[in-house]
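Morning, everyone. I have one structure to show you today. Please take a look at it before I start.

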Amino acid sequence: MAAPRWLWALLLWASLSVAAAVGKQSPVKALSDEMWRELLQGEWMVEFYAPWCPACQSLQPEWEKFAEWGEDLEVNVAKVDVTKQPGLSGRFVITALPTIYHCKDGEFRRYQGGRTKTDFINFISDQEWKSIEPVSSWFGPSSFLMSSMSALFQLSMWIRHCHNYLTENVGMPIWGSYAVFALVTLFLGVILVLIMVFLADYVFPSKRTRPPEYSHTSPEIDQRLKKLDEEQEADEEDVSDDETESKDVSGGNSSPNAVRQRTVNPAATEDTS
């Protein structure tokens, strides 16, 4: 018995709906660690989420509806999976989920308003973001500090993947994985110290103070210097002799004056009487 036409039509409509739903691309743009510079141009609304986060899961429908208005509002609506993009989450130092940032022409502001489609639309259309103080340039994603934080987040994620590989795939115990990382850290520390010692001794050597050294001169200059030294010693001897003679003269003049004074004084006494 052949199936009725309405049943075939219903099956065709269902298949087309499923194909359209599967082929329909989400208006939300997924960002990666390598695409963070795109946030420096234009206007963006970025959501940081994790697949296991219940609050993030409840926000997704509203975020998808808001993204459908992105073209009309001239704003890019994007999302970042912090479990897959640790570098980008490190640039914004994401510590709570979900976290939403508004980005416009290199200025970044953290969104803390309502989480419905209407709230997001009003935030952009009414320019409510102007009432929020932007993040300091020191803590902006393009600063050196946040670049370092991004590298640190990526390193921590890499260490976590290595730990999971050693414990799950290789079958190494947890303490063994910790011992491996401890040895690697010690080895890298030794290498770093050796590099610093090499730079200190060979690339940037310290200036040591040395006693002045007399340069070798010609015989003529040596004779002149010797003659000057002899003349200086002779002058010093002459000066010392003159000082001695002056002391003797002063000593000899003092005694006759004293005798003369003793002789004159009795006569003066007799004349007076």
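From the N terminus on, the elements run α-β-β-α-α-β-α-β-β-α-α-α-α. That comes to eight helices and five strands in the protein chain. Helices (H or I, at least four residues) and strands (E, at least two) are DSSP runs, numbered from the N terminus.

A word on the source. This is a predicted model: local features need pLDDT of at least 70, side-chain atom pairs count only at pLDDT 80 or more, and totals for chains, interfaces and linings use all residues. Residues are numbered from 1 along each chain as its sequence is written, and side-chain values use heavy atoms, with hydrogens and water left out.

How much of the protein chain is buried? Of its 273 residues, 23% are buried. Buried means under 20% relative accessible area, with a 1.4 Å probe and protein chains only.

Now to helix H5, residues 117–125. Its residues Phe120, Ile121, Phe123 and Ile124 are buried. Seen down the axis of H5, these fall within an arc of 160°, so they line one face of the helix. The arc is that of the directions from the helix axis to the C-beta atoms.

What covers them? The cover includes strands S2, S4 and S5 and helices H2 and H3.

Take H2, residues 54–67. The axes of H2 and H5 come within 8 Å and cross at roughly 40°. Axes are lines fitted to C-alpha atoms, for helices over the stretch in contact (heavy atoms within 4.5 Å), and angles run from 0 to 180 degrees between N-to-C directions. Leu59 and Trp63 of H2 are among the residues making the contact, as are Phe120 and Ile124 of H5.

Key
Buried < 20%, exposed > 50% of the residue type's maximum accessible area, 1.4 Å probe, protein only.
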